[in-house]
Amino acid sequence: MKIIVPMAGMGKRMRPHTLTVPKPLIPIAGKPIVQRLVEDIAKVCGEPVEEVAFIIGRFGSEVEQNLVRIAESVGARGTIHYQDEPLGTAHAILCAQSALSGPVVVAFADTLFKADFTLDSSVPGTIWVQRVDDPRPFGVVKLNEQGQITDFVEKPQEFVSDLAIIGIYYFQDGEYLRRELQYLLDNDIKDKGEYQLTNALENMKNQGTTFVPGRVTEWLDCGNKDATVYTNQRYLEYLQERGENLVAESAHITNSVLIPPVYVGEGAIITDSVVGPHVSLGNHSNVRSSVVTNSIVQTSASVLHANVTNSMIGNHATVTSDPADLSLGDYNTLRV
């Protein structure tokens, strides 16, 4: 099994946090989004993962080394592939064409999920979906009476289905997928000016490939600050349910109250404060004389004499303020 992870965009909707790192490396409960995604897929694959292929922009050697380590953490080989132009989802996947062989899972790196199943590798293709209240912003699928996918519809303004595609796909035959993606590029077949995976899926279906829906218990989006803070909240609850220890032994907690679920990273310092619920504190973060709820505080950040909620505080940033809903990027300082 191979996992293909397109993550070329820097994530404009997540600025200022993506000015220094790509969005998939923003932490959720102490681990980068993309690491959580890869780990969760590895758990449901039901077989060893041979390779994790990351499709990225030119993010630099440090980012690439971090991604390789993520692959190695699930026992796989990590490979790096570049998408230098934003030409669409089909083009992005094809940038990792050397990895498109045998069974593959394609997972776009701005989504997380909760699931309690093992992937059925005996079917030709699985597209993971989740029922949504408003399907208009999403690609959706239609099903027949046998539960097979009959249509792919991109952002329907008229109701056709409420089963939204969450951005995770299984293909039994990676070479077949590669040929269909290449066909789009060779024949300049675009949708809204880009080469789209849904066009390849439609062609494969028309040639007789059976696709079935994969259902997840919960779909968690990381598309913007508020969605990411909410995903952190739900993921902390999920980890707490699994009985995971979320507070590092090397953390220093003095005269303070933690209201679970709370993640506290290595070497974090909490003094005279109330932290939680639903807070992630990165390694070597510092919270003093403050109240922090429902927030992500990243590595080596400081919250001093502040009341912070529903916020993201970047790496090495410092906050000293009145009650606030913040999105503060890396290395920034806010004093009010």
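**Labels and cut-offs**

Guide: Serine 311 is in the loop between strand E24 (307-309) and strand E25 (312-313). Element names come from DSSP runs (helices H or I, at least four residues; strands E, at least two), numbered from the N terminus. The model is predicted, so local features need pLDDT of at least 70 and side-chain atom pairs count only at pLDDT 80 or more, while totals for chains, interfaces and linings use all residues. Residues are numbered from 1 along each chain as its sequence is written, and side-chain values use heavy atoms, with hydrogens and water left out.

Visitor: Why is serine 311 called buried?

Guide: Its relative accessible area is 0%. Buried means under 20%, exposed over 50%, and partly exposed in between (1.4 Å probe, protein chains only). Serine 311 is therefore buried.

Visitor: What does the side chain of serine 311 reach?

Guide: It reaches the backbone oxygen of threonine 309 at 2.6 Å. A polar contact is a pair of N or O atoms within 3.5 Å; within protein, one must be able to donate a hydrogen and the other to accept it, and residues adjacent in sequence count only if both atoms are side-chain atoms.

Visitor: How do you know whether threonine 118 is buried or exposed?

Guide: Threonine 118 has 53% relative accessibility, so it counts as exposed. It sits in the loop between strand E7 (111-114) and E8.

Visitor: Which residues does threonine 118 touch?

Guide: Not counting residues up to four places away in sequence, threonine 118 touches Val44, Cys45 and Gly46. Contact here means heavy atoms within 4.5 Å.

Visitor: Why does glutamate 218 count as buried?

Guide: Its relative accessibility is 15%, so glutamate 218 falls on the buried side of the cut-off. It belongs to strand E13 (residues 218-221). With neighbours within four places in sequence left aside, glutamate 218 is in contact with Leu112, Phe113, Lys114, Gln130, Tyr230 and Arg234. Gln130 is 88 residues away in sequence, yet the C-alpha atoms are 7.5 Å apart.

Visitor: What joins the side chains of glutamate 218 and arginine 234?

Guide: A polar contact of 2.7 Å joins them. Both residues also line the largest cavity, together with Lys114, Leu220 and Tyr238.

Visitor: What makes a space a cavity rather than a pocket?

Guide: On a 1 Å grid over the protein atoms alone, a cavity is a set of points where a 1.4 Å probe fits but cannot get out; a pocket is an open set with protein on both sides within 12 Å along at least five of seven lines, and lining residues have an atom within 4 Å of a point. Grid points are joined across faces, edges and corners, and a volume is the space filled by probe spheres set on the points. The count is one cavity of 30 Å³ or more. The largest cavity has a volume of about 40 Å³, and E13 and helix H6 (225-241) each give two or more residues to its lining.

Visitor: What lines the second largest pocket?

Guide: That pocket has a volume of about 840 Å³ and is lined by 33 residues, of which Leu25, Gly30, Pro32, Asn66 and Thr299 lie nearest its centre. H2 gives the most to the lining, with six residues.

Visitor: How do you know that the buried residues of H5 are on the same side?

Guide: The buried residues of helix H5 (residues 197-206) are Leu197, Thr198, Ala200, Leu201, Met204 and Lys205. They cover an arc of only 155° around the axis, which puts them on the same side of H5. The arc is taken from the directions from the helix axis to the C-beta atoms. Their cover includes helix H3 (89-94), strand E8 (125-131) and helix H4 (174-186). Just after H5, glycine 208 takes a positive phi of about 105°.

Visitor: What makes a set of residues a nonpolar core?

Guide: The set consists of buried Ala, Val, Leu, Ile, Met, Phe, Trp, Tyr and Cys residues joined through side-chain atoms within 4.5 Å. The largest such core has 51 residues, and Val34, Ile41 and Phe113 are among those with the most contacts inside it. Helix H1 (residues 33-45) supplies the largest share, seven residues. A second, separate core of 31 residues includes Ala99, Val106, Phe171 and Tyr195.

Visitor: Which residues does isoleucine 41 touch?

Guide: Residues up to four places away in sequence aside, isoleucine 41 touches Ile3, Val105, Ala107, Phe113 and Ile168.
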